[in-house]
Amino acid sequence: MDLPKKFTDSLISLPEMDLAAFLRVHAAEEKVTSLRINPNKIKDRDATEKILGELATNGYSRVPWTTDGYYLAERPSFTFDPYFHAGAYYVQEASSMFLEQVLRQACDLTAPLKVLDLCASPGGKSTLLQSLISPESLLVSNEVIKTRAALLGDNLSRWGAANVVVTNNDPRDFGRLPGFFDVMVVDAPCSGSGLFRREPEAINEWSEENVMLCSQRQQRILADAMPALKEGGILIYATCSYSREEDEEIMDWLQANFELENIPVPLQPDWHIVKTAAEGYRFYPDRVKGEGFFITCFRRKSGEEYSAKKQRHTLTAVDKKDRDKVTPWLQDSDGFFMMAHQGEVLLFPEMLQPAVAVLQQHLYLRKAGVKAGQLAAKELIPDHQLSMSPLVAGDVQKVALTREQALKYLRKEDPAIAVVIKGWALMQYGGMSLGWAKVLPNRINNYYPKELRILKEIQA
């Protein structure tokens, strides 16, 4: 792997940089694979070991700085793993899982929080944030690019949580919500040098000019969104770049332009994470088992507190007749608001209704909570999002599939099952739901979403 000389020259002065070791690990082109188990769906150690044992046939080990993270000895084909499509885990780069340590140090995670993941696609940090916050908290996951926002929505639907809203907005739009958020995570678009091992094609796009452009864009993003962070709120800034201009110099710029207090995060010596001047944290691939990463954390010392008096918008609840169509599908409908939206029903915790109403008033919402389904004259036609959530009633019909049948179902083909039931049923693999099918007397209608189906052919 040939790295640009101007790039390697820029590394020499970085904190605790061993350039020879750094170059050796890039030349080796080792591929590190890691994932996080979904605690919304995997509740015990036995279930975790079952999934990892089937997926990681050559072994696995823990990612030391996160609760549910694991390294796999080699990369399997996630596309052909039914557990992946069931949302049992999220494939995420290990260094970025350090966000958990930062959040635990900076926040009371038992409190109800409003959290903004500003540059969220494809969803790794959002799924981690959702796993850490309380059920009474709200996560807003934003992506400015429309196609990437669609991917973000799909990944969060697979994760299955109801206390999440996906927005598709420019960072400046959040200025309409002064003091609204308790936590803001900005994993900013960057020059991407920390991912050169994983994405070697990015090497050709690196230049000193691009680094400066990224630095300027990072400043704009932060300046535009900062009004939405309340006084006392937490700002977490991260990049996958090694460049000072995108890391420590952004820290300096933040402290020069806003009243912020840098928050330290305790480190374990065997993590081999490098603490920079002030409280920034660097991940070098010759020191940690992961890719290049930078993260820092601040508490805002001045700012607004959002005033509910500014709210002029309310949400439309489903009427009793339609609520009665939804309730039988749910394990417990108490505590959930059922929102009517364009003939569909959206579910999220009742206590989040005022916050979601504010968001709908000021932003473009791509996804809110869990979509229960579409209202028909006599019934609810259940949505794929409902199948992915833990909200489904325990007495809903289920069909256990073999791996071969599961892959056929995920291709949107006939899984060729012989069952005596009829009507709606959850297709499951290993006790985990994959989606809906409707069992008729002479056939099965596969309701797996067309846009999510497996297109690749299994290689012999």
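**Exercise 1.** Determine which residues of helix H13 are buried, and what covers them.

*Solution.* In this predicted model, helix H13 spans residues 403–410, and its buried residues (under 20% relative accessible area, with a 1.4 Å probe and protein chains only) are Gln405, Ala406, Leu407, Tyr409 and Leu410. Helices here are DSSP runs of H or I with at least four residues, strands are E runs of at least two, and both are numbered from the N terminus. The cover over the buried residues of H13 includes helix H4 (82–85) together with strands E19 (398–400), E20 (423–429), E21 (432–439) and E22 (444–446), where contact means heavy atoms within 4.5 Å. Just after H13, Lys412 has a positive phi of about 65 degrees.

Residues are numbered from 1 along each chain as its sequence is written. Local features need pLDDT of at least 70 and side-chain atom pairs pLDDT 80 or more, whereas totals for chains, interfaces and linings use all residues, and side-chain values use heavy atoms, with hydrogens and water left out.

**Exercise 2.** Locate Thr276 and explain why it counts as buried.

*Solution.* Thr276 lies in the loop between strand E11 (274–275) and strand E12 (280–283). Thr276 counts as buried because its relative accessibility is 3%. Setting aside residues up to four places away in sequence, Thr276 touches Pro15, Glu248, Arg282 and Phe294.

Note on methods: Buried < 20%, exposed > 50% of the residue type's maximum accessible area, 1.4 Å probe, protein only.
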